[in-house]
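Hi everyone, thanks for making time this morning.

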Amino acid sequence: MKSTPNTMPKLASRHDTAYLDFVEGFREYILGKGANFEDRLNANLLAAEEEQGFPLDDLEKIKALVWAQPLGRLHGRLARTQQEMKWHALQRSFESQRSVLSAELAYWDSRGPGTLELDSSFQYPPYVNVHFHLQPKGYYKDELSGFFYHYGTKVFFRGDNDQDELHEKLVSRVPLPKDSKVNKILDLACSIGQSTTAFHRLYPKAEIIGIDYSAPMLRVAHRRAAILGDKVDFKQRLVEQTRFPDAQFDITFAFIVFHELPLRIIHDTVREAARVTRKGGIFAVFDFTGTAGKSPFQLYHRWFDARHNGEPYSQDFCDCHLQDILTRYGFHVAAAPDGQRSGGAGYLQHWFATRV
Amino acid sequence: MGNALGALGTFSIGLRLVFEETQTPEGGTPIVGPDPVYLQDPVLDATVRMVVELAAQVWVERERRLALEVLIEDHGILERGVLENFRPSATQAITFKAERDRFMEDIFKELRRLPITVPKSKDDQ
C-alpha cells in the first residue's frame with residue numbers, strides 16, 4: 001500500500017511535540033467525559049429548569065447560573081487555557097524556525113502539478129480581521145498562518161485527521177447530481193485545502209478549485225497538494241464574490257465556513273453559490289449544528305465559544321435557519337438537516353442542496 | 001460593554017498571546033479581551049494556569065524519559081544504575097541551568113500576568 005506523504009509542519013523539537021500532545025489530551029479530558037463538566041453543569045441547569053417549571057432557554061439566565069458555579073468558572077478557565085497553551089507552543093516552535101518554513105513555502109509556490117493564484121491587489125474585507133480560535137494574528141496576517149492552522153486543527157481533531165481522514169469521509173458523503181456529471185468542483189474557503197485534495201482523490205478527472213481569502217492558507221494548501229501530487233488549483237478569492245462565470249460547478253462545497261461569516265456575508269455567499277452552481281448541481285455544506293433543541297449547557301457552550309474562543313459570528317449562524325436561506329436563493333434542500341450529524345463529529349451537521 | 005478588544009493597543013508580555021491590533025468583527029458576539037478572569041480572584045486564575053502548565057511540563061519530561069529509556073535499553077547502551085550516578089560536567093551544568101530557566105518561565109510566567117488591582121466590574125465576563 002502506498003504511504004501518504006506527511007504534510008504536517010514539523011515542530012522544532014521533541015519538547016514541542018510532547019507539549020502539544022499534552023494539550024491534545026488535556027483538551028479531550030476537560031471537554032469530554034474525563035472531567036465531565038458538561039453533564040454535571042447541565043444537570044445543574046436542568047434542576048434549575050425543573051424548579052422554575054418551564055424550559056430554560058434564556059441565554060442570559062443560563063450564563064448567570066453557570067457563572068454562579070465554581071465549576072462553571074473553572075470550566076471556562078480551563079477551556080481558555082488549553083487553547084492559549086496550544087498557540088503559545090506553536091508560536092515558540094514556528095518562530096524558532098521561521099526562515100526555514102518561509103523558504104519551504106517559497107520552494108513550493110511555483111511547483112505543480114496544480115496551480116496557485118494569489119492576487120497582489122487583494123483587499124481583505126474588515127470582517128475577516130478576527131483571531132479565530134484565538135489563533136495569533138488570525139488567518140492571514142502571518143506568512144505562517146497556514147502552518148499554525150494545520151497544526152492547530154491537528155490538536156482540535158485529536159490526531160484523527162492527520163491524513164485528512166475526516167475530510168475524505170465528509171467529501172465521500174456528498175451526493176452526486178442527478179445526472180451523475182461531476183466535471184468541476186468548487187471548494188469555498190478551502191483554508192489549507194484538505195477537502196480540495198480529498199475531492200481530487202474521489203474525482204481524479206474533475207477540475208477542482210479551492211478558493212480562500214487568506215494567501216498564507218493558500219500557500220500551505222498548494223504546498224500540501226504538490227507534496228501529495230494532487231492536481232488541484234487554488235485561487236485567492238472571496239466566497240461572496242468568487243468572480244467565476246455563472247453555472248460553472250457541478251458541486252460547490254463549504255466545510256465549516258459559514259459559522260465564521262457575518263450573517264450578511266452568509267446571505268451573499270449562498271447567493272453566490274447559487275450563481276456559480278449549475279442547475280441540478282449540488283451545494284454541500286457541513287457546519288455547526290444549530291441551537292434549536294439544544295440542552296441548556298449546549299446553549300451556554302455556543303455562547304462561550306463565540307465570546308471566549310474567537311468565534312464572533314458562530315452564535316448568529318447557529319441561531320439562523322440555513323435551510324431557509326438556501327431555499328430563498330434557489331436551492332432545494334433534499335433532507336431536513338435536523339438530527340443529521342455528520343462525520344462522527346457531534347458538532348457538525350450537513351445541508352445537501354440542489355440548485356433548481 | 002461592546003468589543004473589549006477595541007481598547008487594545010500594541011503589547012507583548014512574555015509568552016502571552018499577542019493581540020497586536022484591534023480586531024474588526026462585523027456584529028455578532030463581542031469577543032472577550034485577551035486576559036479574561038474566570039475565577040473569583042485573578043490569583044486563582046493564575047494558579048490554575050500554573051498547575052496545568054506544570055502538568056504539561058511533567059508530561060513533556062516523562063514522554064522524553066520514556067523514549068530515552070526504551071532507546072537506551074534497546075541499544076544496550078547503559079545500565080540503569082549508570083544514569084542514577086551521573087553528574088554533569090561544568091559545561092553540561094550551564095546547559096542544564098538554561099533548561100531550568102526555561103522551565104521556570106514556562107510554569108511561572110503567570111505571575112507576571114497578574115493585574116495589580118482586581119477588576120471591580122464583572123461586566124467583562
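Let's start with one pair of side chains: A:Arg98 and A:Asp142 form a salt bridge, with nitrogen and oxygen 3.0 Å apart. Please keep in mind that this is a predicted model.

Where are we in the chain? Chain A splits into domain 1, residues 14-111, and domain 2, residues 126-355. Polar contacts across the interface come to 13 residue pairs, both partners at pLDDT 80 or more.

Now for the domain 1 side of chain A, the side that touches domain 2. Helix 1 (14-31), helix 2 (37-52), helix 3 (59-67), helix 4 (70-95) and helix 5 (98-109) each contribute at least two residues to it. Which helix gives the largest share? That is helix 4 of chain A, with twelve residues. By residue type, this side of domain 1 has 18 nonpolar, 14 charged and eight polar residues.

Let's step back to the overall picture. Between the two domains of chain A, 40 residues of domain 1 are in contact with 33 of domain 2, and the C-alpha centres of the two domains lie 22 Å apart. An interface's size is often quoted as the accessible area lost when the parts come together. Here, domains 1 and 2 of chain A bury about 3,600 Å² between them, with 69% of it on carbon and sulfur atoms. On the domain 1 side, A:Trp87, A:Leu105 and A:Trp108 lose the most area to domain 2, together 19% of what that side buries.

That's my tour, and I'm happy to take questions!

Terms used. Residues are numbered from 1 along each chain as its sequence is written. Chains are lettered from A and ligands numbered from 1 in the order in which they are written. This is a predicted model: local features need pLDDT of at least 70, side-chain atom pairs count only at pLDDT 80 or more; totals for chains, interfaces and linings use all residues. Side-chain values use heavy atoms; hydrogens and water are left out. Domain bounds come from an automatic or database domain assignment. Contact means heavy atoms within 4.5 Å. Buried area is the accessible area (1.4 Å probe) that two parts lose on being put together, summed over both. A salt bridge is a side-chain nitrogen of Lys or Arg within 4 Å of a carboxyl oxygen of Asp or Glu. A polar contact is a pair of N or O atoms within 3.5 Å; within protein, one must be able to donate a hydrogen and the other to accept it, and residues adjacent in sequence count only if both atoms are side-chain atoms. Helices (H or I, at least four residues) and strands (E, at least two) are DSSP runs, numbered from the N terminus. Ala, Val, Leu, Ile, Met, Phe, Trp, Tyr, Cys and Pro count as nonpolar, Asp, Glu, Lys and Arg as charged, and the others, Gly among them, as polar.
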